Amino acid sequence: MASTFRTAFQIERTFNWFPGHMARGLRDMTAKLQTVDLIIETRDARLPLSSINPQFEEFAQERNRLIVYNKTDLTTPGTPARIRQALAGVTNSPVVFTNAKTPRTVRSVVSYAAGMPNVGKSALINALRSAGVGRGNAVTTGRRPGVTQRIHTSVKIHADPPVYVLDTPGLMLPYVSDPLRALKVALTDGMNTEAMEIEIVADYLLYQLNRQHNTDYAKLINLEQPSDDISEVLAQVAKRFGILQKGGGYHHEEAARRFVREFQLGKFGHLVLDDLDPASVETFMADLKEPVLSKSMQLKEAKRERAQKMREKNAARKLKLRSG
Ligand SMILES: Nc1nc2c(ncn2[C@@H]2O[C@H](COP(=O)(O)OP(=O)(O)OP(=O)(O)O)[C@@H](O)[C@H]2O)c(=O)[nH]1
């Protein structure tokens, strides 16, 4: 029942994914971007804020830039207008909305693409080429993030005047201090979930589905009514998809993966995962200005978090001893 759903998601750890090609990509991109006339920064419309890369923002906001919100077909109705309103006063760059699966929606977009992993940069370039010069795919796309690992040679997308674009690798951050942001990116397939506890990703998905009253999942897994209890939901997912263990019980990780996968395949309907009210936008933009932590600072920060947790645990233990 709606009244019993969680109003906040509690999480204490962080998740990071920054393979080697991304550090190289950022260096190469910073150099190459000096030579282009226009930067087309591609973002995922399901993550209007979380698909902004602060490292990229640092140099792109001073440049001639077009922001493209792609994958609009995977959002809820009215999302483009809400994003436009949320960004008014926050960015001076023009903003357009596309669905790279439908080339006619990309006609207005010309030149250079950059952005986070798996937002659809390569698909967008192929669509631009199809709309501009009527030719087939020139760059490879893929369901998993990290398919494009280096800057490609230019692709012609317009004949007269001639316009060329460069595809670039998608870049995550070396250290994502906000675990909720990492969970959102993981849910939209922008981050490798192998190093994450998939049960937490599944629980976060359940939290988002319920708080947005997107409760079709219950019907799909034969649950009598929506629930905010991930164990109950995963047990039902296991039953529905036949991932029960011999002798009773079910395989938790597999059930969690299946639940997340069904959402990514669009089976539970569409969601926009960032809040776009003025206060949330303001907080996000202020956080963007925080410097990205270096490797040694990350280690220090992780150590500080561990020490804090230990102190809290010890304090709780002492309290328990005293009271009982
Ligand atoms: N539904 C939908 N899917 C899209 C859209 N654009 C891209 N995709 C799909 O999203 C996935 C990622 O697209 P890519 O173009 O490879 O993404 P990328 O940003 O180049 O990814 P990296 O290689 O990680 O930088 C692919 O499976 C595409 O088919 C879109 O507008 N709508």
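Angles under 35 degrees count as roughly parallel, over 145 as roughly antiparallel, 65 to 115 as roughly perpendicular and the rest as oblique. In the predicted model, the axes of helix 6 (residues 198-211) and helix 9 (residues 252-264) cross at roughly 45° and come within 8 Å. Helix 6 and helix 9 are therefore classed as oblique to each other. The crossing in which helix 6 passes helix 9 is left-handed. On the side of helix 6, the contact is formed by I198, E199, V201, A202 and L205, while helix 9 contributes H252, E253, A256, R257, F259, V260 and F263. Sorted by class, the residues of this contact between helix 6 and helix 9 comprise eight nonpolar, one polar and three charged.

Helix 9 also packs against helix 8 (residues 230-241), with axes that come within 9 Å and cross at roughly 85°. This angle makes helix 8 roughly perpendicular to helix 9. The residues of helix 8 that take part are V233, L234, V237, A238 and F241, and they meet H252, A255, A256, R258 and F259 of helix 9. Eight nonpolar residues, one polar residue and one charged residue make up the contact of helix 8 with helix 9. H252, A256 and F259 of helix 9 are listed in the contact with helix 6 and also in the contact with helix 8.

Helix 6 has a further contact, with helix 5 (residues 179-187); the two axes come within 10 Å and cross at roughly 90°. Helix 5 is thus roughly perpendicular to helix 6. L183, A186 and L187 of helix 5 are in contact with V201, Y204 and L205 of helix 6. The class composition of the contact of helix 5 with helix 6 is six nonpolar residues, with no polar and no charged residues.

At the level of the chain, the domain assignment gives domain 1 (2-14 + 175-264) and domain 2 (20-165). The centres of domain 1 and domain 2, taken over C-alpha atoms, are separated by 29 Å. Contact between the domains involves eight residues of domain 1 and 10 residues of domain 2. The side of domain 1 that touches domain 2 consists of two nonpolar, three polar and three charged residues.

The ligand is surrounded by 23 residues, of which G120, S122, A123, T141 and G170 are the closest. Helix 4 (residues 121-133) supplies the largest share of the shell around the ligand, namely three residues. By class, the shell around the ligand contains eight nonpolar, 10 polar and five charged residues.

Key
Residues are numbered from 1 along each chain as its sequence is written. This is a predicted model: local features need pLDDT of at least 70, side-chain atom pairs count only at pLDDT 80 or more; totals for chains, interfaces and linings use all residues. Axes are lines fitted to C-alpha atoms, for helices over the stretch in contact, and angles run from 0 to 180 degrees between N-to-C directions. Helices (H or I, at least four residues) and strands (E, at least two) are DSSP runs, numbered from the N terminus. A crossing is left-handed if the near helix is turned anticlockwise from the far one by less than a right angle, and right-handed if clockwise. Two residues are in contact if their C-beta atoms, placed from the backbone, lie within 7 Å. Ala, Val, Leu, Ile, Met, Phe, Trp, Tyr, Cys and Pro count as nonpolar, Asp, Glu, Lys and Arg as charged, and the others, Gly among them, as polar. A residue is near a molecule or strand if its C-beta atom, placed from the backbone, lies within 6 Å of it. Domain bounds come from an automatic or database domain assignment.
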